[in-house]
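Subject: Handover of a protein structure

Dear colleague,

Please find below the structure that I am handing over to you. My findings follow it, arranged by topic.

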Amino acid sequence: QTKNKAYFTFALLSVSSTVEDKSSLCSKFQERRFWSAVKLLSNVLLWDGIVQEDTIRDLGLSKLLNRYLLLNLLNTPPGPDSIEKCDKVVASFPERWFQDLKSGSTLPELLNFCQHMLR
């Protein structure tokens with residue numbers, strides 16, 4: 001017997017040259033999709049403490065952040081826009097996830113995001 005699992009698809013794929021022109025329809029669409037995904041991430045992470053942490057981290061970090069949001073962040077040129085996007089993503093993380101971490105370490109699901117922020 002298989003378990004019922006909820007899946008969602010949220011595609012943010014694009015060609016970076018079309019996204020660089022901020023006035024293009026593609027760029028505007030990608031920005032709306034990104035900010036909608038950030039809101040979804042924030043809402044998913046609000047369930048921390050109610051739903052099992054593993055489930056929240058898998059859905060919010062492994063699936064939403066690492067599969068969709070990070071792709072957009074990697075295609076955002078360095079600068080104020082990139083910083084604002086990263087700030088909003090970080091602001092959605094539950095603080096308690098980081099309370100027992102040693103200095104200089106992070107959650108395994110955040111390694112790629114942290115590497116991006118260090119660039």
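A surface patch, as the term is used here, is made of residues with over 30% relative accessible area and no salt bridge, and nonpolar side chains are joined into one patch within 5 Å. In this model, which is predicted, Leu46, Trp47, Ile50 and Val51 form such a nonpolar patch, and together they have about 440 Å² of accessible area. Trp47 is found in the loop between helix H2 (25-45) and helix H3 (53-74). With a relative accessible area of 48%, Trp47 is partly exposed.

Overall organisation

The secondary structure comprises five helices and zero strands. Read from the N terminus, the elements therefore run α-α-α-α-α. The protein has 119 residues, of which 32% count as buried. Its accessible surface comes to about 8200 Å², and 54% of this belongs to carbon and sulfur atoms. Among contacts with a separation of 6 or more, 67% are between residues 24 or more positions apart.

The nonpolar core

The largest nonpolar core has 20 residues. Leu61, Leu65, Leu69, Val89, Phe93 and Phe113 are the residues with the most contacts inside this core. Helices H2, H3 and H4 each supply at least two of the core residues, and the largest share, eight residues, comes from H3.

Aromatic pairs

The structure holds three aromatic pairs. In one of them, the rings of Phe93 and Phe98 have their centres 6.1 Å apart and their planes at 40°, so this pair is tilted. Phe93 counts as buried at 10% relative accessibility, whereas Phe98 is partly exposed at 30%. How are the rings of Phe93 and Phe113 arranged? Their centres are 6.1 Å apart and their planes stand at 90°, so the pair is edge-to-face. Phe93 lies in the loop between H4 and helix H5 (111-118), while Phe113 lies in helix H5, so the pair ties together parts that are 20 residues apart in sequence. Phe93, Phe98 and Phe113 form one aromatic cluster.

Salt bridges

The count comes to six salt bridges. In one of these, the side chains of Lys85 and Glu31 meet at 2.7 Å, N to O. Because Lys85 lies in helix H4 and Glu31 in helix H2, this pair ties together parts that are 54 residues apart in sequence.

Glu53 takes part in a salt bridge with Arg57, whose closest N and O atoms are 3.0 Å apart. These two residues are four residues apart in helix H3, so they are separated by about one helical turn. Glu53 also forms a salt bridge with Arg96, with the closest N and O atoms 3.2 Å apart. Glu53 lies in helix H3 and Arg96 in the loop between H4 and H5, so this pair ties together parts that are 43 residues apart in sequence. Salt bridges that share partners join Asp48, Glu53, Arg57, Arg96 and Glu109 into one network.

A residue in helix H4

Ser82 is placed in helix H4 (residues 80-91). At 10% relative accessibility, Ser82 counts as buried. Leaving aside residues up to four places away in sequence, Ser82 touches Thr76, Pro77 and His116.

Yours sincerely

Note on methods: Residues numbered from 1 in each chain as written. Predicted model: local features only at pLDDT ≥ 70, side-chain atom pairs only at ≥ 80, totals over all residues. Heavy atoms only, no water. Buried < 20%, exposed > 50% of the residue type's maximum accessible area, 1.4 Å probe, protein only. Contact = heavy atoms within 4.5 Å. Patch = residues over 30% accessible without salt bridge, like charges linked within 9 Å, V, L, I, M, F, W, Y side chains within 5 Å. Areas by Shrake-Rupley, 256 points an atom, 1.4 Å probe, with all protein chains shown as cover. Salt bridge = Lys/Arg side-chain N within 4 Å of Asp/Glu carboxyl O. Core = buried A, V, L, I, M, F, W, Y, C linked by side-chain atoms within 4.5 Å. Phe/Tyr/Trp six-rings, centres within 6.5 Å; stacked < 30°, edge-to-face > 60°.
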